[in-house]
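Subject: Structure handover

Hi,

Here is the structure for you to look over. My notes follow below it.

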Amino acid sequence: MRFALNHIVAPRLSLAQFFALARKLDCSEVEIRNDLPDVTGKNPAEVGRLAGDAGLTILSVNALYPFNRWSDDLASRAGRLADFAAGAGARALVLCPLNDGSPIAHSRTVEALDRLREILQPRGLTGLVEPLGFPQSSLRRKADAIAAITEAGGFEAFGLLHDTFHHHLAGETEFFPHRTGLVHISGVTDPALAADQMLDPHRVLVDGDDRLENVAQLRALLADGYDGPVSFEPFAPEVHALDDIETALRESMALVRQAVGQAQEAGA
């Protein structure tokens, strides 16, 4: 199991500072975000140079939203974001579905993926489809994402993004390790929250009070053949406000690694 960092772990850090944090934690892969001003305001070649100088691979730019409601505006934004990602040397573009309660037909999702394939493939990018488990999401479950990807030409251009938070919210039990290109982890510890009340601001670093069963999810993915990166993506303001995010991340990494290892040994 190898860990990566999403820039949302420490959004107050500049790109250079974030890349330095990743190296201190012995990560060789990172995700950058187009919702942070220090990212999209830079020349993509400069972003790529900063990552290269730090010895890092940019896994993805996160994210194109809403990828499954196609329009001329989305096509334009997708082209610009794909140009940025390719120019920075990123491997993938994260694709998030509409999340406002409006339904999107399966055929519309397939159409959007068809159009996106034409944008992504010439630029050497993979589209990582991330089902969002919120009740109002237009694409909650990974099986539905797989069906749409398959109809849109398959997995040469696309992959799944398994997010442990959204897996829990959607009540999913199926894992697709051989279709998964990236895993996001975060924890929820508030005991008062029902699953349908959990929101991004509740997402903290994984610790011993985690309610999302991150360890069980990771064990299932790894046991069935997933060998890609596991990227930390906490959105909680209290995590972003930490003065020593490095120590907090180091402790969470150690806890997850030890717990997954113990679970694997117990199941051997």
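Ala75, Ala78, Gly79 and Ala82 of H4 make contact with Leu116, Ile119 and Leu120 of H5. By class, that contact has 6 nonpolar residues, 1 polar residue and no charged ones. H4 covers residues 72-88 and H5 covers residues 106-120. Their axes come within 10 Å and cross at roughly 35 degrees. The crossing of H4 past H5 is right-handed.

Please keep in mind that this is a predicted model.

Overall fold

The protein has 10 helices and 8 strands. Its radius of gyration is 18 Å, close to the 18 Å that the globule rule gives for 268 residues, so the protein is as compact as a globular protein of that length. The C-alpha trace spans about 45 × 40 × 35 Å along the principal axes.

Largest pocket

The largest pocket holds about 270 Å³ of space. Its lining is made of 17 residues. Arg33, Asn62, Ala63, Cys96 and Phe235 lie nearest the centre of this pocket. Charged residues number 7 in the lining, with 6 nonpolar and 4 polar.

Second largest pocket

The volume here is about 210 Å³. The second largest pocket is lined by 14 residues, and those closest to its centre are Ala92, Thr126, Leu128, Gly181 and Leu182. Which strands supply at least two residues each to this lining? They are E5 (126-129), E6 (158-163) and E7 (180-185). E7 gives the most, with 3 residues.

Cavity

There is 1 cavity of 30 Å³ or more in the structure. The largest cavity contains about 40 Å³ of space. What lines it? The residues are Pro131, Arg140, Lys142, Leu161, His162, Asp163, His166, His167 and Glu172. Strand E6 and helix H7 (164-169) each supply at least two residues of this lining. E6 gives the most, with 3 residues. By class, the cavity lining divides into 4 charged, 3 polar and 2 nonpolar residues.

One link between the sites: E6 supplies at least two residues to the lining of the second largest pocket, and E6 also supplies at least two to the lining of the largest cavity.

Best wishes

Terms used:
Residues are numbered from 1 along each chain as its sequence is written. This is a predicted model: local features need pLDDT of at least 70, side-chain atom pairs count only at pLDDT 80 or more; totals for chains, interfaces and linings use all residues. Side-chain values use heavy atoms; hydrogens and water are left out. Axes are lines fitted to C-alpha atoms, for helices over the stretch in contact, and angles run from 0 to 180 degrees between N-to-C directions. Helices (H or I, at least four residues) and strands (E, at least two) are DSSP runs, numbered from the N terminus. A crossing is left-handed if the near helix is turned anticlockwise from the far one by less than a right angle, and right-handed if clockwise. Contact means heavy atoms within 4.5 Å. Ala, Val, Leu, Ile, Met, Phe, Trp, Tyr, Cys and Pro count as nonpolar, Asp, Glu, Lys and Arg as charged, and the others, Gly among them, as polar. On a 1 Å grid over the protein atoms alone, a cavity is a set of points where a 1.4 Å probe fits but cannot get out, and a pocket is an open set with protein on both sides within 12 Å along at least five of seven lines; lining residues have an atom within 4 Å of a point. Grid points are joined across faces, edges and corners, and a volume is the space filled by probe spheres set on the points. The radius of gyration is taken over C-alpha atoms; the globule rule is 2.2 Å times the number of residues to the power 0.38.
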